[in-house]
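Subject: Model handover, with notes on cavities, salt bridges and a pocket

Hello,

Here is the model for you to take over. My notes on it follow below.

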Amino acid sequence: MMSGHFVPYQKLAILVALITSFAFSIALSHDVVLEAPVAVVDLDQSRWSAELVEKLNASPNLSVRAVVHSPSDPRAMTRGDRFVGVVYIPKGAEARMLRGDRTLTIGYFADDSNTAQNGEVYSVLNEIAAELGAEQAVSRADGVSSLGKNTNETGAMMSPLRVGFRYLTNPTGQAATATVVSFLLFFSMMYHGLVSLMLVGRLRVTRSWDAEVLTGSVFGFLARAVPYAFIFTSVVTVALAVMILLGQLRFAGNILLFIPALFLCALGNTWLAYLLSWGTTNPGQGAGRMIFLVPSGFILGGATMATGFMHGWVHDISFGIPLVWLFNFWRDQGLRGIDGQATLPLFGGAILWLIFLGSLNAIRFWRDEARRRKELRQYWHDLQGVPNREAGGPAAVQKAAASQ
């Protein structure tokens, strides 16, 4: 533990305790999703539907971010975690409420790529439906006498408004879709990151850092991540393919779009590991910095905890972690089935993020390269100052070379 050749557990233990107790208490604002962003498809476009939208937006647990008046694909509307669900108001809703001969059902398409994010939304929608339904039932003059009518009319009198829920991404609650893939991506990225974090320390221990890395180009250094990224992409792709072929996993999108996403995230994982482990002198020191690379992405990436639990600025900063990008690609392509054109903004953001990481690595590389050249010049200058002796010295060497 104190030798300096292995993970410094005493430092790692302190960091884990501090980050867990202080950092996450600041990052996580609450344990329920407040102001959950939802969209409304209002096909009725009536006064009653407008009042319903206002009541939804007035709830502390909901925030209506968009209202459209034409049929729209709820899967496409939830891409990029823009909305946690879509409220659907059918055409003729106000007329059916006033007529009161049949219970009106309002639809809610829930993005259940993370089941925790819609827990409060379900309760709020049911409460609003019960409240509006009670107001409508009481306001009708023939409320009591209508109980003697047929079954549909009686049901409409007792419950004039109802909310129907539909799950978009995992309707049967399969563990493979909700949990197994999350752990597959997490553990695969964790071991890939562990190897990447130890790479700089291994190059220094083997004395290859100055002899091979700094004497080459920065592109050659960054390209060392390619074989690891290729192996990561191949292994995860094969694992997903086996689950899909065995019928254990539903992949809604195009796997050919997800493969480049795996490769880009793996490259980013290694390049970020370079930055985290740049000053390490042995592989053990790099491995000890794993807590900053992958586990935080599992917590903040929306795999098990709703992103709505976090402050908005924390959600934005979390995109500096490779696993957060990977979970976003998985939700859009694997669960929601977003097509290639709609995924271009996510790919564009990931490429810009890689360019940023590559630039930071290049800056540090060129600084070390300049320092190395300065040291070599200083060594040569010191060697020039060594007194000339019969057996050698720079002057003797130059004289011998001239005589030849």
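In what follows, Ala, Val, Leu, Ile, Met, Phe, Trp, Tyr, Cys and Pro count as nonpolar, Asp, Glu, Lys and Arg as charged, and the others, Gly among them, as polar. This is a predicted model, where local features need pLDDT of at least 70 and side-chain atom pairs pLDDT 80 or more, while totals for chains, interfaces and linings use all residues. Residues are numbered from 1 along each chain as its sequence is written, and side-chain values use heavy atoms, with hydrogens and water left out.

Cavities

A cavity is a set of points on a 1 Å grid over the protein atoms alone where a 1.4 Å probe fits but cannot get out, and its lining residues have an atom within 4 Å of a point. Grid points are joined across faces, edges and corners, and a volume is the space filled by probe spheres set on the points. Helices (DSSP runs of H or I, at least four residues) and strands (E, at least two) are numbered from the N terminus.

The count is four cavities of 30 Å³ or more. The second largest cavity holds about 60 Å³ of space. Its lining has ten residues, and Ser 113, Ser 182, Gly 302, Ala 303 and Trp 330 are those nearest the centre. Two or more lining residues come from each of α7 (175-205) and α15 (322-335), and α15 gives the most, with four. By class, the lining of the second largest cavity has five nonpolar, four polar and one charged residue.

The largest cavity has a volume of about 70 Å³. Its lining is made up of eleven nonpolar residues, one polar and no charged. Among the lining residues are Leu 52, Val 87, Tyr 108, Ile 128 and Val 163. At least two residues each come from α2 (47-58), β4 (104-110), α5 (119-139) and β5 (161-167). The most come from α5, which supplies four.

Salt bridges

A salt bridge here is a side-chain nitrogen of Lys or Arg within 4 Å of a carboxyl oxygen of Asp or Glu. Buried means under 20% relative accessible area, exposed over 50%, and partly exposed in between (1.4 Å probe, protein chains only). The structure holds eleven salt bridges.

Which residue pairs with Asp 111 in a salt bridge? The partner is Arg 336, with an N to O distance of 2.7 Å. Asp 111 sits in the loop between β4 and α5, and Arg 336 in the loop between α15 and α16 (340-384), so the pair ties together parts that are 225 residues apart in sequence. Asp 111 counts as buried because its relative accessibility is 0%. Arg 336, at 3%, is buried too.

Two other salt bridges lie within single helices. In α16, Glu 369 and Arg 373 are four residues apart, about one turn of the helix, and their closest N and O atoms are 3.7 Å apart. Glu 369 counts as buried at 18% relative accessibility, whereas Arg 373 is partly exposed at 43%. Separately, salt bridges that share partners join Asp 81, Asp 111, Arg 331, Asp 332 and Arg 336 into one network.

The other helical pair is Arg 47 and Glu 51, in α2 and also four residues apart, about one turn. Their side chains meet at 3.6 Å, N to O. Arg 47 is exposed, with 66% relative accessibility, and Glu 51 is partly exposed, with 41%.

Pocket

A pocket is an open set of grid points with protein on both sides within 12 Å along at least five of seven lines. The second largest pocket has a volume of about 310 Å³. Of its 19 lining residues, Pro 37, Arg 65, Asp 81, Thr 307 and Gly 308 lie nearest the centre. Asp 81 is also a member of the salt-bridge network. Both β1 (36-42) and α14 (312-317) supply at least two residues of the lining. The lining divides into seven nonpolar, six polar and six charged residues.

Regards
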